[in-house]
Amino acid sequence: MSDKVQIGLIQASHDVDGSEPVEVHKQHSIEKHIKLVKEAAEKGAQIICLQEIFYGPYFCSEQNPKWYDSAEEIPNGPTTIRFQELAKELGVVIVLPIYEKEGISTYYNTAAVIDADGSYLGKYRKHHIPQVAVGDKGHGFWEKYYFKPGNLGYPVFDTAFAKVGVYICYDRHFPEGARLLGLNGAEVVFNPSATVAGLSEYLWKLEQPAHAVANGYYLGAINRVGYEGPWNMGEFYGQSYLVDPRGNFVATASRDQDEVLVAEMDKKFIREVRDTWQFYRDRRPETYENMVELLP
């Protein structure tokens, strides 16, 4: 297995108005992203990550039961199966963030991880679920209406090219899971997101490079672009990037364009950084017990 791995990050606008039926959104977005995944593979990408719940708008801008119909089972739902076939065809690993339904009506914000031979390796469920207003028109990140908190821990997937971890959007504000992904062996962590200017942009290039440095891995951050109607609660400001274990930006995408960003990670560099900064050796977990106690 080569030390050099080509990482593909896909950011895209969503061009269908939220008033349209769920199936219109899914059909349009899936076809669009299949083309973008193929473009990433043509550019040499070996591990490709899509944006948060890629096959529709960021519907959490409103609280509407209509969007429950967009959820699918993982791995037995049609979108996961379709992208397994695509991964096998192209020989690439795909991190596939979709809306998951389990049982009759239990829902999660999830990413399936598909290996380069098309096999399903497992899934990560978003742990930290926001409920945050944006502006004064009743819009916001109303995710507690749609998602249960994740319950599968912080798995790392041993893919054909690298050991992959996933953190989703709001998770990035919490260093604990980022550390656990490192402890579980991640060489690269992906954070597919949907976040708007005026709320989180000042943190976008601070928190995740800090996670990469503190934990000695590469981190790929993905954000969608543009405005989404009918809500128009803010600009999804793109700027997807790959950052290395020293906090250097390897490559950064545009603010407002659909883009397939392909950049290189070097596993040898991970080892060099970890040999210099022995953060894992020097941890003192026996002193951290108060972190998991309930506050009075």
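Guide: On a 1 Å grid over the protein atoms alone, a pocket is an open set of points with protein on both sides within 12 Å along at least five of seven lines, and lining residues have an atom within 4 Å of a point. Grid points are joined across faces, edges and corners, and a volume is the space filled by probe spheres set on the points. This is a predicted model, in which local features need pLDDT of at least 70, side-chain atom pairs count only at pLDDT 80 or more, and totals for chains, interfaces and linings use all residues. Residues are numbered from 1 along each chain as its sequence is written, and side-chain values use heavy atoms, without hydrogens and water.

Visitor: What volume does the largest pocket have, and which residues are the closest to its centre?

Guide: Its volume is about 410 Å³. Of its 14 lining residues, Pro 175, Glu 176, Arg 179, Tyr 288 and Met 291 are the closest to the centre.

Visitor: Which helix gives the most to this lining?

Guide: Helices are DSSP runs of H or I with at least four residues, and strands are runs of E with at least two, numbered from the N terminus. Helix H3 gives the most, with 5 residues.

Visitor: How many bridges join S10 to S11?

Guide: The parallel strands S10 (188-193) and S11 (218-223) are joined by 6 bridges. Ser 193 has Asn 223 in S11 as its bridge partner.

Definitions and conventions:
Pairing = 2+ DSSP bridges. 1 Å grid on protein atoms, 1.4 Å probe; cavity = no way out; pocket = protein on both sides within 12 Å on 5 of 7 lines; lining within 4 Å.
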